[in-house]
Structure formats: structure tokens, C-alpha cells
Amino acid sequence: MSLAVLLIEDNRDDIELTERVFNHNHIRNPLDVCKTGGEGLTYLQSQQIPLPCLVLLDLGLPDISGLNVLKIMKSDQRTHSLCVFILTVDKSQETLLESMKLGADFFMRKTIDIAKLLDAASRCGVMLELE
């Protein structure tokens with residue numbers, strides 16, 4: 001069974017687009033979606049759910065900023081080593097640098113470029129399963 005990819009994203013259009021990218025490119029890993037930072041952190045801290053192989057994290061979440069979610073993840077023993085890709089519309093260099101400083105593995109402006117995603121995942125040691 002393939003490990004899931006966790007998408008923490010509140011925008012319905014971006015969720016649907018990510019699902020289409022995964023389906024169109026025959027990525028077999030399940031895409032689990034959490035629509036708030038709090039929901040994502042609860043998912044990650046659950047002992048009942050295996051940790052995902054990759055977290056795709058939006059920065060503009062409604063309850064907790066994506067940067068704060070990242071900070072909490074990287075300070076938690078259970079989740080500190082997870083591969084985290086930031087997905088955002090923010091184009092500022094400051095946000096990119098802050099994300100990397102907090103431990104993000106990759107920074108991608110929306111929409112998802114599948115070639116970049118697969119390459120970055122591979123460099124992170126994550127092999128997404130393709131059909």
C-alpha cells in the first residue's frame with residue numbers, strides 16, 4: 001500500500017487542481033486533504049494514521065498560517081523529518097527564505113508543475129508511485 005501525500009489547502013479550486021494533477025499523471029499515492037492548519041496538525045499527530053510520505057502545505061490557511069504549521073511540524077519529534085513542500089501564490093523572496101529557514105524542503109508557486117514536484121520529491125528521498 002502506498003503512503004499518502006497530505007495536502008493542507010483551504011482553496012477548493014486548488015484542491016481539485018491538485019487532485020487532477022495526481023490523477024492525470026497516474027500517481028498512485030492517496031492524496032489526503034486537510035482544509036485548515038489545525039486539521040492538518042491533528043492528522044499528523046494522530047497515532048491511528050501512518051505519516052504521509054510528503055506534505056504539500058499552503059501558506060494562506062484560514063486558522064493558522066502555513067509558516068506556523070511548518071514551525072510546529074519541525075519542532076515535533078513525530079513529524080520533524082517529514083518532507084514538506086510549500087505551495088503558495090506569494091512571490092516574495094522573504095517568504096521563500098522564511099520557509100526554508102523553518103525547514104521546508106521545496107517551495108513551489110501554484111499551480112503544481114508535476115516535473116518539478118517529482119524531481120524535488122526524488123531529491124528529498126520520496127519516490128511517488130506512478131502507475
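**Strand pairing and the fold**

Modeller: S3 and S4 run parallel and are joined by four bridges. Strands (E, at least two residues) and helices (H or I, at least four residues) are DSSP runs numbered from the N terminus.

Biologist: Before we go on, what kind of model is this?

Modeller: This is a predicted model: local features need pLDDT of at least 70 and side-chain atom pairs count only at pLDDT 80 or more, while totals for chains, interfaces and linings use all residues. Residues are numbered from 1 along each chain as its sequence is written, and side-chain values use heavy atoms, with hydrogens and water left out.

Biologist: Which residue is the bridge partner of Leu56 in S4?

Modeller: The partner of Leu56 is Phe85.

Biologist: And what joins S1 to S3?

Modeller: Strand S1 (residues 5–8) and strand S3 (residues 54–58) run parallel and are joined by four bridges. In S3, Leu54 is the bridge partner of Val5.

Biologist: In what order do the strands of the sheet come?

Modeller: The order is S2-S1-S3-S4-S5, an open sheet of five strands with parallel pairing; two strands pair if DSSP finds at least two bridges between them. Strand S2 (31–34) and strand S5 (106–109) are the edge strands, each pairing on one side only. From one strand to the next, the twist averages 20°.

Biologist: Which strands does H4 lie across?

Modeller: Helix H4 (residues 93–101) lies across strand S4 (84–88) and S5, and runs at about 150° to S5. Helix H5 (residues 114–123) packs on the sheet, where it touches S3, S4 and S5, and its direction makes about 170° with that of S5. Axes here are lines fitted to C-alpha atoms, for helices over the stretch in contact, and angles run from 0 to 180 degrees between N-to-C directions.

Biologist: Is S4 enclosed or open, and why?

Modeller: Five of the five residues of S4 are buried, so S4 is largely enclosed by the rest of the structure. Buried means under 20% relative accessible area, exposed over 50%, and partly exposed in between (1.4 Å probe, protein chains only). Val84, Ile86 and Thr88 lie on one side, Phe85 and Leu87 on the other, and both faces are covered. In a regular strand the side chains alternate between the two faces of the sheet.

Biologist: Moving to the core, which residues touch the most other members?

Modeller: In the largest nonpolar core, of 22 residues, they are Val5, Leu54, Leu56, Phe85, Leu117 and Leu128. A nonpolar core is a set of buried Ala, Val, Leu, Ile, Met, Phe, Trp, Tyr and Cys residues joined through side-chain atoms within 4.5 Å. S1, helix H1 (12–24), S3, S4, S5 and H5 each give two or more residues to this core, and H5 gives the most, with four.

Biologist: What does Leu128 touch?

Modeller: Not counting residues up to four places away in sequence, Leu128 touches Val5, Ile27, Asn29, Cys53, Leu54, Leu117 and Leu118; contact means heavy atoms within 4.5 Å. A second, separate core has 21 residues, among them Ala4, Val55, Leu59 and Leu61.

Biologist: Now a loop residue. Is Pro52 buried or exposed?

Modeller: Pro52 is buried, with a relative accessible area of 4%. Pro52 lies in the loop between helix H2 (37–45) and S3. Beyond four places in sequence, Pro52 touches Ala4, Val5, Leu6, Tyr43, Leu44 and Leu82.

Biologist: How about Met100; what is it in contact with?

Modeller: Met100, in helix H4, is in contact with Asp105, Phe106 and Phe107, leaving aside neighbours within four places in sequence. Met100 is partly exposed, with a relative accessible area of 34%.

Biologist: Backbone next. Where is there a cis peptide bond?

Modeller: A cis peptide bond joins Lys110 and Thr111, with omega of about 10°. Thr111 is in the loop between S5 and H5. Separately, His26 has a positive phi of about 55° although it is not a glycine; His26 is found in the loop between H1 and S2.

Biologist: Finally, how do the elements of the chain run?

Modeller: From the N terminus on, they run β-α-β-α-β-α-β-α-β-α, which comes to five helices and five strands. Buried residues make up 44% of the 131 residues.
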